[in-house]
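Dear colleague,

Please find the structure below. A short account of two of its regions follows.

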Amino acid sequence: MAPRIPARPDDALSLEAEFGIASAKKALDHAGLQPSDIDLVICSASHHQRPYPAIAIEMQEALGTKGAGFDMGLGCSSAAAALHIAVNLVRSGAHKRILVTTPEIITGHLNFRDRQTHFIFGDASVSMVVEGLAKGDKRPGRFEVLDTRVWTQMSNNIRTNLGYHTRTAQDDPYMINLEGNLIKQVGNKVFKEVTVAGQKFIVEFLAEHGLTPQAIRRFWLHQANARMNAMILKLSFGHEVDHDRAPMVLERLGNTAGAGAIVALSENHADMKPGDFGLICAFGAGYSIGGALLRML
């Protein structure tokens, strides 16, 4: 029981690269840039279509960007983790402009017999451009990234076992048994443990910059569980927080893994004023949490 996605020949653009390029072009247009202005592509997602050649290199070739490209992933924190790397690479001077893309095609990795997981997910692609900001440079409507952070702690409560060695553990290596190897999670434990970790991460990260949650105009959280997000924010603020402060896209799109927080940002930032703070915070398998403190220019 699974969707049918036709295979493509090796010389054709892969599905994941096509999906990533769709959002990448929008990000480049929004930034007023050409592909040739980019010198690194990072494709970061919770599930990649294949191990190599890297999807990022395929995107680099199709888009016409310069430099290099590589793939990475950190579960549902993938986009935030890639942003963390991109920001620090630009700050170090290693790269000038980086395209971060998160094409999440989770469909192929779901167990459609598992009624606890498959129905909550959706597919989506998001992209961001990271570049240096010269002193005195004004970019109205854009964000300055003040700081980024990642945190991880080992947990098996969200897990997939499908990988290179799956066939070597079976009697017939040419007949892969997917039972127990696709996405699975222990929902009640994830809720309790990630809620505590997420609240702690937010409060401590903001405190490092002399800020409290009350100082943040908007939170773009991982779009997986509305109750979890509400509880994380209630613990952080000491009271319930409305959707204007922390918008949700979950009901319309489902859990789009690493893409969700960035979709929420894309659709809910135009009303912010110069100087307003915003916080990206995504959390997922690992456990992992990725965050970015932003300020509207």
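The axes of helix 1 (residues 15-31) and helix 2 (residues 55-63) come within 9 Å and cross at roughly 55°. Axes are lines fitted to C-alpha atoms, for helices over the stretch in contact, and angles run from 0 to 180 degrees between N-to-C directions. Helices (H or I, at least four residues) and strands (E, at least two) are DSSP runs, numbered from the N terminus.

This is a predicted model: local features need pLDDT of at least 70, side-chain atom pairs count only at pLDDT 80 or more, and totals for chains, interfaces and linings use all residues. Residues are numbered from 1 along each chain as its sequence is written, and side-chain values use heavy atoms, with hydrogens and water left out.

Where do the two helices meet? Glu16, Ala17, Gly20, Ile21, Ala24 and Lys25 in helix 1 meet Ile55, Glu58, Met59, Ala62 and Leu63 in helix 2, contact being heavy atoms within 4.5 Å.

Four strands form an open sheet in the order 5-10-9-8, with mixed pairing; two strands pair if DSSP finds at least two bridges between them. Strand 5 (143-152) and strand 8 (216-221) stand at the edges with a single partner strand each, so one side of each is left without a neighbour in the sheet. The twist averages 15° from one strand to the next. Strand 5 and strand 10 (residues 288-296) run antiparallel and are joined by nine bridges; Val150 stands opposite Gly290 in strand 10. Helix 5 (residues 226-237) packs on the sheet, where it touches strand 8 and strand 9 (277-284).

Yours sincerely
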